[in-house]
Amino acid sequence: MKLNIFKNTKIFSYLLFLVLFSSSFSGCFSKEEILPEPFGVPGGLVLACLNSTHFTELVIEIDYEADQKPRPETLDLLIERINSVCDKQSVSYELSLTDFEHEGVWTSDDIRLKGRETRETNAMNENQLRFHFMFPSGTHSDSGVLGVAVDASTVMIFVDTIKEAENFIQRPSWEDIEAAVTVHEFGHLVGLVNLVYTSNVDHEDPDHPGHSSNEDSVMYWAIESSDISNIIFGTLPNDFDDDDRGDLINLNNQQLQAHDQLWYPEDYSY
Ligand SMILES: [Zn+2]
């Protein structure tokens, strides 16, 4: 009897050891595989965009549904604006006609999930940083929304709603609205305004958090609202203003602290 207990204890200890050893061992190398890709918040990849030590290339994956293809002028302007703020050897886009297989309006959760389902690769793909812009048919669940940034790398733009937002004198035209909204959503991906930092300049609109109080900045709140042509007549801003650019310069040279980042440069001092 005594011997049996001893024997059983020994077996039990051995089994326990095996269980503990194998679970901790498997934890060592499967951690990376089990953890889901971190998608972060808009602005969560601003340092990855501004800094070129690791990500030398920026690719915009553009998935559009039939009749929703963004205009080449919109995409050229987007590339130009990205090049003016992010330090990359190359900035390019990849266009894909995509069936999103989605019925009805889009909630922000729908957009996040569909973005994950349809994107070609992770946002951080070796030396490539990849932002994902979707142009589907249909509208946002908040019908006043022309575009939205839902995480650190994902944007959706509603071309049908943009076309409806044009006023009867077509000033601004839907083409100009499309370009401005696209640059505006990219601005959110680089954290404008105050999304992942606090500016040393007071230029955030207190009534519209995350937006510029300057109506001449592309980060003005009305740019992504279907009321836009009732608010701004004529020429729309489609560029960042000096305060927006100043924030990005200060984030890059570490004069401003960036929080919630999915990637930090090796020499980051905060
Ligand atoms: Zn906005």
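What pLDDT does the protein average, and what share of the residues score at least 70? In this predicted model, the average pLDDT is 89, and 87% of the residues reach a score of at least 70. Confidence falls below 50 over residues 1–7, a stretch that has zero contacts in the model beyond near neighbours in sequence.

The interior was examined next. In soluble globular proteins, nonpolar side chains tend to be buried together. The largest nonpolar core of the model comprises 62 residues, of which Leu-45, Val-46 and Cys-49 touch the most other members. Helix α6 makes the greatest contribution to this core, supplying seven residues. With neighbours within four places in sequence set aside, Cys-49 is in contact with Leu-58, Cys-86, Leu-129 and Val-190.

Helix packing was described for α3 and α6. Two packed helices are described by the angle between their axes and the distance between the axes. Helix α3 spans residues 72–85 and helix α6 spans residues 174–189; their axes come within 9 Å and cross at roughly 35 degrees. The crossing of α3 and α6 is right-handed. On the α3 side, the contact is formed by Glu-73, Thr-74, Leu-77, Leu-78, Arg-81 and Ile-82, whereas α6 contributes Glu-178, Ala-179, Thr-182, Val-183 and Phe-186. By residue class, the contact of α3 with α6 contains six nonpolar, two polar and three charged residues.

Methods: Residues are numbered from 1 along each chain as its sequence is written. This is a predicted model: local features need pLDDT of at least 70, side-chain atom pairs count only at pLDDT 80 or more; totals for chains, interfaces and linings use all residues. Axes are lines fitted to C-alpha atoms, for helices over the stretch in contact, and angles run from 0 to 180 degrees between N-to-C directions. Helices (H or I, at least four residues) and strands (E, at least two) are DSSP runs, numbered from the N terminus. A crossing is left-handed if the near helix is turned anticlockwise from the far one by less than a right angle, and right-handed if clockwise. Two residues are in contact if their C-beta atoms, placed from the backbone, lie within 7 Å. Ala, Val, Leu, Ile, Met, Phe, Trp, Tyr, Cys and Pro count as nonpolar, Asp, Glu, Lys and Arg as charged, and the others, Gly among them, as polar. pLDDT is the predictor's confidence in each residue, from 0 to 100. A nonpolar core is a set of buried Ala, Val, Leu, Ile, Met, Phe, Trp, Tyr and Cys residues joined through C-beta atoms within 7 Å. A residue is buried if 20 or more other C-beta atoms lie within 10 Å of its own, exposed if 12 or fewer, and partly exposed in between; C-beta atoms are placed from the backbone.
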